[in-house]
Amino acid sequence: MYITIRAVEVVRAPPERLGDDLQVVVKEMLREKLEGRMDKKIGMFIAIQDIVDIKEGRIMIGDAGVYYETVFDTLVFRPKMQEIVEGNVVEIVEFGAFVEIGSLDGLLHISQITDEYISYDEKGAKLVTKDTGRTLGEGDKLRARIVAISLNERDPGDSKIGLTMRQPGLGKLEWIEEEREKEREREKEKKKE
Amino acid sequence: MIFLEEERDKYTKYEKARIIGARALQIAMGAPVLIETEEIDPIEMAIEEFEKGVIPITAKREK
């Protein structure tokens, strides 16, 4: 999920920018330093929002830059275990589907899509269920639950998020709708009885 | 360290050297100069700034 948090970080203002507005310089430097970076505890930094406070600068020996301890609000993407997410399929591969859930992609393994047997259609780049013939292809919207998280700080793109759809209420949005329709019909019949 | 009361707010020669040194490095690396000056040497510029009291740097003393 996306959340706004308040964080503290020391940032270096380079000497050639000392004449400029400190707020602007610090914000720019924080952006450069943090945006796109991953922290296992915090999550992935998406955007620096407001600078709340800039403490007194410090000058290190041999470095013309000035270091400011800064308090700021930042938007982060933090995947959470058991979280329900909605996303688009971005790629279908032999072993499952990659789903875009915010700023990272999650892997929906072939065994976690439905309770049915599912096979890979290489030509159509689609996954097809055996009995009902439901398909899952690129661009499909679906709802899934996060069941595994392994974040990589050095290479954020290499982080792995595992998803599942084998639970009631999860699946491709069309499938969920179909299930709901069936449920309604069943209830109607019950009332008739 | 013990200071005379009238010298309490004055910088020691060590603090002065550190401030001028830090400021000269900033100027040498492209920081804007805060005074009108004929000097072209960053150290001389920093000294002039220090004498005019315009350097935005202070020294913190251990209590």
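Two strands count as paired if DSSP finds at least two bridges between them. I kept that rule at hand while looking through this model, which is predicted.

**Entry 1**

I started with β12 of chain A and its partner β14 (residues 171-172). The two pair in the antiparallel sense over two bridges, so they just meet the cut-off of at least two. I looked up one contact here: A:R143 has A:G171 in β14(A) as its bridge partner.

Next I checked β13 (residues 160-164) of chain A. Five bridges join this strand to β12(A), and the two run antiparallel. Within that pairing, A:I146 is bridged to A:L163 in β13(A).

Then I turned to β6 (residues 84-93) of chain A. Again I found an antiparallel pairing with β12(A), joined by five bridges.

A reminder to myself: strands of a sheet pair through backbone hydrogen bonds, in either a parallel or an antiparallel way.

**Entry 1: a three-stranded sheet**

In what order do the three strands of the open sheet come? I read β9-β10-β11 in chain A, with antiparallel pairing. Why is one side of β9 and of β11 left without a neighbour in the sheet? Both β9 (118-121) and β11 stand at the edges with a single partner strand each, so one side of each has no neighbour there.

I also looked at how β10 (residues 126-129) meets β11(A): they are antiparallel and share two bridges. A:L127 is placed opposite A:L136 in β11(A).

**Entry 2: a charged patch**

Which residues form the negative surface patch? I listed A:E91, A:E100, A:D105 and A:E138. I followed up on A:E138, which lies in the loop between β11 (135-136) and β12 (141-150) of chain A. Is A:E138 buried or exposed? With a relative accessible area of 60%, A:E138 is exposed, because the cut-off for that word is over 50%.

Most residues other than glycine have a negative phi. I noted an exception: A:Q82 is not a glycine, yet its phi is positive, at about 70°. Where is A:Q82? I traced A:Q82 to the loop between β5 (66-77) and β6 of chain A. Its relative accessible area is 45%, so I put A:Q82 down as partly exposed.

Terms used: Residues numbered from 1 in each chain as written. Chains lettered and ligands numbered in written order. Predicted model: local features only at pLDDT ≥ 70, side-chain atom pairs only at ≥ 80, totals over all residues. Heavy atoms only, no water. Patch = residues over 30% accessible without salt bridge, like charges linked within 9 Å, V, L, I, M, F, W, Y side chains within 5 Å. Areas by Shrake-Rupley, 256 points an atom, 1.4 Å probe, with all protein chains shown as cover. Salt bridge = Lys/Arg side-chain N within 4 Å of Asp/Glu carboxyl O. Lys, Arg positive; Asp, Glu negative; His and termini not counted. Charge placed at Lys NZ, Arg CZ, Asp CG, Glu CD. Helix = DSSP H or I, 4+ residues; strand = E, 2+ residues; numbered from the N terminus. Buried < 20%, exposed > 50% of the residue type's maximum accessible area, 1.4 Å probe, protein only.
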